[in-house]
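Please examine the sequence and structure below before reading on.

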Amino acid sequence: MNIKSNYKYLLSDLTALKGVGVKTTNLLKKKNINNLFDLLWKLPKSYTDRSLSSKIKDLKIGENQTVTVTPQKYLFPRIRNLPNRVICSDDSGKLDCVFFNSYEGYVKKILPLGKEITISGKISYFKNKYQLTNPKYISEDSSIIKQVHNQYSLTEGISEKVYNKIIDQIISELPELDEWHSNQIVEKFGNLSWNNSIVELHKPENIGKYRDNFYQRLAYDEIFSTFLVNSEIRKKIKKIKKKRKKINFNLQNNLINKLSFSLTNDQVNSLKEINKDLSTSTKMFRLLQGDVGSGKTIIALLSAYNTINSGYQVAFMAPTEILARQHYNLAKEIFPASKKIELISGKSDYKNKKIILEKLKNNKIDIIFGTHAIFQKKVSYKKLGLIIIDEQHKFGVNQRKKLSDKGGDDCDVLLMTATPIPRTLTMTMYGDMDLSIIKEKPKSRKPIKTYSKLESKIDDVLKFIKKEINSGNQIFWVCPLIEESKKLDHTSAVNKFEFLKKLFPNQVLLLHGKTEINEKEKILNNFQKNKFQILVSTTIIEVGIDFPNANVIIIENANKFGLSQLHQLRGRVGRGDKDSTCILMFKSNLSENAKKRINILKQSNDGFFISEEDMKIRGFGDLLGFKQSGIKNFKLADPVHNSDLFLLAEKEIKRIEQTNEDISKFKPLIKLYDRADIINDIA
Ligand code: ADP
Ligand code: MG
């Protein structure tokens, strides 16, 4: 079979193209263009019309023009740095072609004397003569000079001409691929095939036509393939058979009854969903998604408790040691003393660690807390039944896939994230998992009052916190960077600490990324026990820390943070039943965008709503570090502008799942689009 009739042709190396050598290939590789398919998304930004062939006397100075001339005479100066010239003419006048930095031999070859040649380039007028410097398109056959040439961004060091040539080449050789979508879907896009859509995409007159069928179809293909891959991973995980866990509801409810609060409905439902997964014979791969402070930890611990009670071990991973310890302490507090609970921290000494590892191996530990250290190779478990991972929104699909393989088939996986994401992104980000969502916050919660303040008004803020401290409350004071940096105009936590210490002697603590771990624990302990009232810190407190007695958060340089991050930071307060306040500090007058952001925060405490707004302002690549997750690989699709396509794709995936449709017809689509290379053995 001719390779060019198969999708595989598009995955060939760039050298498959005529006129593309190692040099060009390497330049393109630097731009992450590794095969023909990648090159298809190199799109023209604008175009030049070279069709206006005219006589020399009619040439327009300063414009790109195409004209047919006859070279008459070479002027090759003996002095270096002077350009080579070729005097050309037609029956209406004369035109000098000027070449800088070119060899005589080359000039003679492309402009042979006495032959009619069509040339193209920008026309200038110098010493009473028309002049064309370094002509771009030169040909004996005037029809070869295409009428319209696309212009590309050229930072790669590859000329426009080369781009036009190689992209034209691919487009003219596109394999005819069988349609992978159903008739109903293709109809929605004017029955345009993938192939025709690509052709349209590259037509200069179509630049910027995002609402046209060809563009929509290609965006849809991209979205759909992402969803399909996720759905396949999910199906695969669900095929894994495991031993059922037996939930002891008596023990579970005893523990719930001992809590100082009653669970919200969403918490109860999430726990039910998890318990159901634990007790079935298919492996759980579930994400517990809930806004900051919605109470995910207790649900995770209850799931852990149920798992332990059915005879298994649990590994509970947190992104920071502080958080791991916080969860560990909570488990110690609420689990019966008979449960064997341990923490591995970076500071556990060698001997201690060795003992813990030994115990894990012999099933003498029921639940272990720690950072990623608890999944290192040397850590082995006797009977691991559940892996819990807190605050994992920065993991990509690939990392999650690896995780789901850990612990063996009998091990369930529960992930947690406090990052509400826009509705359209759920399938993109989390489509490989089952989802439990805690939307509702505990009833005792009051909305956090949010204000903005210019830094120059700091005295008002100081007065306010004095009052709060006097009524027994505590304050977070967040600064973006550890030390004053000249390049970045961020206020330093260190400086703020020194400043506040003078005003509030013996009441201020400092915490940042470089604080030693033992020191960190001491500091947080002291803050928790209300021995100190103000905690100055960098954004390391963003993730997960739970101090219900702190009810004021001051965020400096608030314009440096995105909406979602501000919401996360703000979520450090308002965890108890007291009134709480968030003050956003700004250096100078607010930009329109900053004002918009503050208004949104003032208006709402709902992380889901805020994430939608954040995406509208910043685009989804910047949403809370999703860039790092490797999911940002859409070339055309945009979750804000194409939300309809995201929903359409989701509906279609559900239909395919429900009807158990054979997906082998999607193989070319997946093979072309799936950068993650997750599905190797499909169809
Ligand atoms: P997150 O979902 O952000 O991880 P946490 O699990 O840390 O939130 O819970 C935040 C705080 O809310 C904790 O102090 C926790 O004890 C408390 N909490 C959890 N569930 C409830 C509830 N149903 N009612 C009242 N307080 C709760
Ligand atoms: Mg949490």
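The model is predicted; local features need pLDDT of at least 70, side-chain atom pairs count only at pLDDT 80 or more, and totals for chains, interfaces and linings use all residues. Residues are numbered from 1 along each chain as its sequence is written, chains are lettered from A and ligands numbered from 1 in the order in which they are written, and side-chain values use heavy atoms, with hydrogens and water left out.

**The largest pocket**

Rolling a probe the size of a water molecule over the atoms shows where empty space is left. On a 1 Å grid over the protein atoms alone, a cavity is a set of points where a 1.4 Å probe fits but cannot get out, whereas a pocket is an open set with protein on both sides within 12 Å along at least five of seven lines; lining residues have an atom within 4 Å of a point. A volume is the space filled by probe spheres set on the points, which are joined across faces, edges and corners.

The largest pocket has a volume of about 1,300 Å³. Its lining comprises 41 residues, and those nearest its centre are Gln326, Leu330, Asp546, Pro548 and Arg575. Helix 11 contributes the most to this lining, with 9 residues; helices are DSSP runs of H or I with at least four residues, numbered from the N terminus. Because domain 4 (249-438) and domain 5 (449-604) both give residues to the lining, the largest pocket lies between them. The domain bounds come from an automatic or database domain assignment.

**Ligand 1**

Ligand 1 has 17 residues around it, of which Gly293, Lys296, Thr297, Arg445 and Asp546 come nearest; a residue counts here if one of its heavy atoms lies within 4 Å. A backbone N or O atom of Gly293 lies 2.6 Å from an oxygen atom of the ligand. Polar side-chain atoms of Arg445 and of Asp546 each lie 2.6 Å from an oxygen atom of ligand 1. The protein covers 87% of the 570 Å² of accessible area that ligand 1 has on its own, by the Shrake-Rupley method with a 1.4 Å probe.

**The cavities**

The structure holds 2 cavities of 30 Å³ or more.

| Cavity | Volume | Lining residues |
|---|---|---|
| Largest | about 40 Å³ | Arg234, Ile237, Lys238, Lys283, Met284, Phe285, Asp432, Asp434 |

Helix 7 (residues 213-238) gives the largest share of the lining of the largest cavity, 3 residues. Domain 3 (179-239 + 642-683) and domain 4 (249-438) both give residues to that lining, so the largest cavity lies between them. For the second largest cavity, the elements that give two or more residues to the lining are helix 18 (563-570) and helix 20 (607-618).

How values were computed. A polar contact is a pair of N or O atoms within 3.5 Å; within protein, one must be able to donate a hydrogen and the other to accept it, and residues adjacent in sequence count only if both atoms are side-chain atoms.
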